[in-house]
Each structure stands twice: as structure tokens, then as C-alpha cells.
Amino acid sequence: MKQMISKQKGMTLTGWMTVIALILFFALLGMKIAPIYLENLTVKDVLKTLKEEPLITQKTSGQVKNMVMQRLNINSVYDLKGEDVTVKKSPGVMTVDITYTVQKKLVGNMDILVSFSDQVELISN
């Protein structure tokens with residue numbers, strides 16, 4: 001019995017291959033997902049900067065939408081389209097909503113699908 005236990009220390013080649021395959025899969029997943037979430041942080045920053053914009057609530061919905069799209073373009077956010085940005089204007093309050101989905105290839109016929117929805121309310125001063 002003692003001889004069997006001393007011979008069975010450590011992992012087999014198959015065990016190591018499985019562990020390495022899992023590490024590589026999650027590393028690939030992280031490399032594909034990280035840029036998507038970093039891009040969303042940029043979108044959130046663009047929405048935050050709208051609050052600091054003087055007299056933003058006096059602009060038309062189209063002007064605000066163009067301003068948002070220009071800022072996203074400058075910051076290299078290309079996964080957003082114009083129809084993903086919605087600007088609603090009511091007396092004294094303007095709501096800017098960005099809802100979008102990002103789909104990226106992972107491996108073969110497997111895709112990653114991530115949905116985001118960010119919103120900011122701009123109140124006239």
C-alpha cells in the first residue's frame with residue numbers, strides 16, 4: 001500500500017493539459033471582454049462630462065446627440081451607432097440614454113454578447 005501512494009504523487013500529463021487548456025480559455029476570454037468593458041467606461045465618462053457642460057439643457061435633442069456621438073468618436077468608441085443614443089427633453093430636465101449591445105467573435109462559431117445601458121439626467125441650473 002505504501003508503495004502505491006509514493007508512486008501516485010502529482011498530476012498526470014492529461015491533468016496538466018486540462019489545467020493549461022482552462023487557463024488559456026479564460027485568458028482568451030479576458031482579452032476579449034476587457035476592451036468591451038473599458039469602452040463602456042469611456043461611454044460613462046462621456047455621459048458624466050455632459051453634466052459639466054454649461055447650458056446643456058437649452059440645446060436641442062439633436063445637438064446633444066451630435067455632441068455625444070462626436071465625443072464617443074474622439075474617444076475611439078466605434079461599437080455605438082446613432083440609434084443607440086436617445087435624448088428625451090422635458091421642461092427643466094433632459095435625459096440622455098445610451099443602450100447598446102456588443103457582439104465579438106470568441107472562437108470558431110462562439111460569440112461574446114454584452115449589453116449595456118447607461119443614463120444621465122441633466123437638470124437646468
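Reader: Leaving aside its neighbours within four places in sequence, which residues is E39 in contact with?

Author: Contact means heavy atoms within 4.5 Å. By that rule, E39 touches S76, V77, Y78 and D79. This is a predicted model, where local features need pLDDT of at least 70, side-chain atom pairs count only at pLDDT 80 or more, and totals for chains, interfaces and linings use all residues. Residues are numbered from 1 along each chain as its sequence is written, and side-chain values use heavy atoms, with hydrogens and water left out.

Reader: Is E39 buried or exposed?

Author: Buried means under 20% relative accessible area, exposed over 50%, partly exposed in between (1.4 Å probe, protein chains only). E39 is buried. It has no salt bridge (a side-chain nitrogen of Lys or Arg within 4 Å of a carboxyl oxygen of Asp or Glu). K104 is the nearest side chain of opposite charge, 6.1 Å away. Here Lys and Arg count as positive, Asp and Glu as negative; His and the chain ends are not counted.

Reader: How many aromatic pairs are there?

Author: A ring pair is described by the distance of the centres and the angle of the planes. Rings of Phe, Tyr and Trp (its six-membered ring) pair if their centres lie within 6.5 Å; planes under 30 degrees apart are stacked, over 60 edge-to-face, the rest tilted. The count is three. For F25 and F26, the centres are 5.4 Å apart and the planes at 75 degrees, so this pair is edge-to-face.

Reader: Why is the pair of Y37 and F116 edge-to-face?

Author: Because their planes stand at 85 degrees, with centres 5.3 Å apart. Y37 is partly exposed at 43%; F116 is buried at 9%. Y37, Y100 and F116 form one aromatic cluster.
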